[in-house]
Amino acid sequence: MDIAIIGTGNVGKALGTSLTGAGHAVTFAGRDEQKAELVAAEFGVSSARTSREAAQGADVVILAVPFSELENVARDIAPVVTGKVVIDTTNPLTPDYSGLATQGGASAAERLARVLDGARVVKAFNTLFAGVQADPRTHGIPVDALISTDDPEARTKTSELASSIGLRAVDAGPLVRARELEALAFLNIQLQMRHGGDWRTAVALVGAPAAATTEPAAATLASSLVRENNPS
Ligand SMILES: NC(=O)c1ccc[n+]([C@@H]2O[C@H](COP(=O)([O-])OP(=O)(O)OC[C@H]3O[C@@H](n4cnc5c(N)ncnc54)[C@H](OP(=O)(O)O)[C@@H]3O)[C@@H](O)[C@H]2O)c1
C-alpha cells in the first residue's frame with residue numbers, strides 16, 4: 001500500500017521500519033521539511049514537502065504526531081483525505097502524564113473524525129510502544145493491534161496492514177471504543193513508569209473470538225522464523 005506517515009518521531013520511524021520492511025511504499029512528512037527528508041533518506045523512501053502533499057499521494061495516512069497537534073494536522077490534510085483511511089496513533093495524555101486529557105469525553109480519534117468527516121478514521125497502533133511497532137515479533141509471539149473504526153473497509157485495510165508487519169489484528173469495535181484503547185495505552189504507560197520497565201509491554205489477548213482476529217501474515221511469520229534460526 002502507499003502510506004503517508006505524518007510525524008518523524010518515535011512512532012513515525014517505528015512504523016516506518018516495520019512497514020517498509022513489509023514492502024509498503026512509505027512517504028514521510030513532518031512540520032520540518034528537511035527533517036522529513038533526512039528520515040526518508042535513512043529508510044531509502046520518499047518524503048513530501050508538507051503533510052497535505054504526503055496525504056494527497058497516499059492510500060492510507062498514519063498520524064504520528066502529539067495529541068496537541070492532532071486537530072491542526074487534521075485541518076491541514078482535510079481537503080485531500082476524503083474517502084481515505086486515516087489512522088490515529090495518538091495517546092491524549094496530560095502534559096504531566098498523570099491522566100488522559102480527554103477523560104470522560106470523546107477520544108482523540110473521535111475528535112479527529114469530527115474534523116475529517118469525509119475520511120475513514122481508524123484508531124490503531126496506539127496501544128503498542130514504538131519498540132514493538134518497529135519489531136512486532138520482539139516477544140517471539142504475535143501481539144495484538146487493537147483496531148476501532150466505524151468503517152468496515154478501513155477496518156479491513158488496517159487489519160491487513162497490521163497483519164503484514166507481524167501483528168495479530170483485533171477488531172475492537174466502533175470508533176467510540178477508541179476511548180478504551182486510549183485508556184488501555186495510558187494504563188500500559190503507567191505500568192512502565194511505576195515499575196521502571198523497558199517499554200515493551202504489549203497486549204496479546206488469550207481466547208479472543210476467531211471472528212475478531214486477523215492472524216499475522218504467513219510471510220512475516222516465515223521471515224521471523226528465519227531470523228530466529230539465523231540470529232546473525
Ligand atoms: N512513543 C511511543 O512509544 C508511542 C506509542 C504509541 C502511541 N504514541 C503516540 O503517538 C504520537 C507520537 O508519539 P512519538 O513518541 O512519535 O512523539 P515524538 O517522538 O515527539 O514525534 C512526534 C512527531 O510529530 C511531529 N509533529 C509535531 N507537530 C506536527 C505538525 N503540526 N505537523 C507535522 N508533524 C508534526 C514532530 O515534529 P518535530 O520532530 O519537528 O518535533 C515529531 O516528528 C503521540 O501522540 C503519542 O502519544 C507514542
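Colleague: Of the 25 residues around the ligand, which come nearest?

Modeller: Gly7, Gly9, Asn10, Thr90 and Asn91 come nearest. A residue is near a molecule if its C-beta atom, placed from the backbone, lies within 6 Å of it. This is a predicted model, in which local features need pLDDT of at least 70 and side-chain atom pairs count only at pLDDT 80 or more, while totals for chains, interfaces and linings use all residues. Residues are numbered from 1 along each chain as its sequence is written.

Colleague: Which elements give two or more residues to that shell?

Modeller: They are α1 (10–21) and α4 (67–77). Helices (H or I, at least four residues) and strands (E, at least two) are DSSP runs, numbered from the N terminus. The most comes from α4, with 4 residues.

Colleague: How do the residues of the shell divide by type?

Modeller: Ala, Val, Leu, Ile, Met, Phe, Trp, Tyr, Cys and Pro count as nonpolar, Asp, Glu, Lys and Arg as charged, and the others, Gly among them, as polar. Here the shell holds 9 nonpolar, 12 polar and 4 charged residues.

Colleague: In what order do the strands of the sheet run?

Modeller: Two strands pair if DSSP finds at least two bridges between them. In this model 9 strands form an open sheet, ordered β3-β2-β1-β4-β5-β6-β7-β8-β9, with mixed pairing. At the edges stand β3 (46–47) and β9 (213–214); each has a single partner strand, so one side of each is left without a neighbour in the sheet.

Colleague: In what sense does β1 pair with β2, and over how many bridges?

Modeller: Strand β1 (residues 2–6) pairs with β2 (residues 25–29) in the parallel sense over 5 bridges. Isoleucine 3 stands opposite valine 26, and isoleucine 5 opposite phenylalanine 28. Phenylalanine 28 also stands opposite serine 47 in β3, where β2 and β3 pair in the parallel sense over 2 bridges.

Colleague: What is the handedness of the β-α-β unit made by β1, α1 and β2?

Modeller: A crossover is right-handed if, with the strands pointing away from the viewer, the path from the first strand over the helix to the second runs clockwise. The unit of β1, α1 and β2 is right-handed. A right-handed unit is also made by β2, helix α2 (residues 33–43) and β3.

Colleague: Which residues of the largest nonpolar core touch the most other members?

Modeller: In soluble globular proteins, nonpolar side chains tend to be buried together. A nonpolar core is a set of buried Ala, Val, Leu, Ile, Met, Phe, Trp, Tyr and Cys residues joined through C-beta atoms within 7 Å. Buried means 20 or more other C-beta atoms within 10 Å of the residue's own, exposed means 12 or fewer, and partly exposed lies in between. The largest core has 66 residues, and Ala4, Ile6, Val61, Ile62, Leu63, Val86 and Ala145 touch the most other members. In β2, 4 of the 5 residues are buried.

Colleague: Is phenylalanine 125, with its positive phi, buried or exposed?

Modeller: Most residues other than glycine have a negative phi. Phenylalanine 125 has a phi near 70° and sits in the loop between β6 (120–123) and α6 (130–134). Phenylalanine 125 is buried, with 29 other C-beta atoms within 10 Å. Tryptophan 199 also has a positive phi, of about 55°, and lies in the loop between α8 (178–195) and β9. Tryptophan 199 counts as partly exposed, with 14 C-beta neighbours inside 10 Å.
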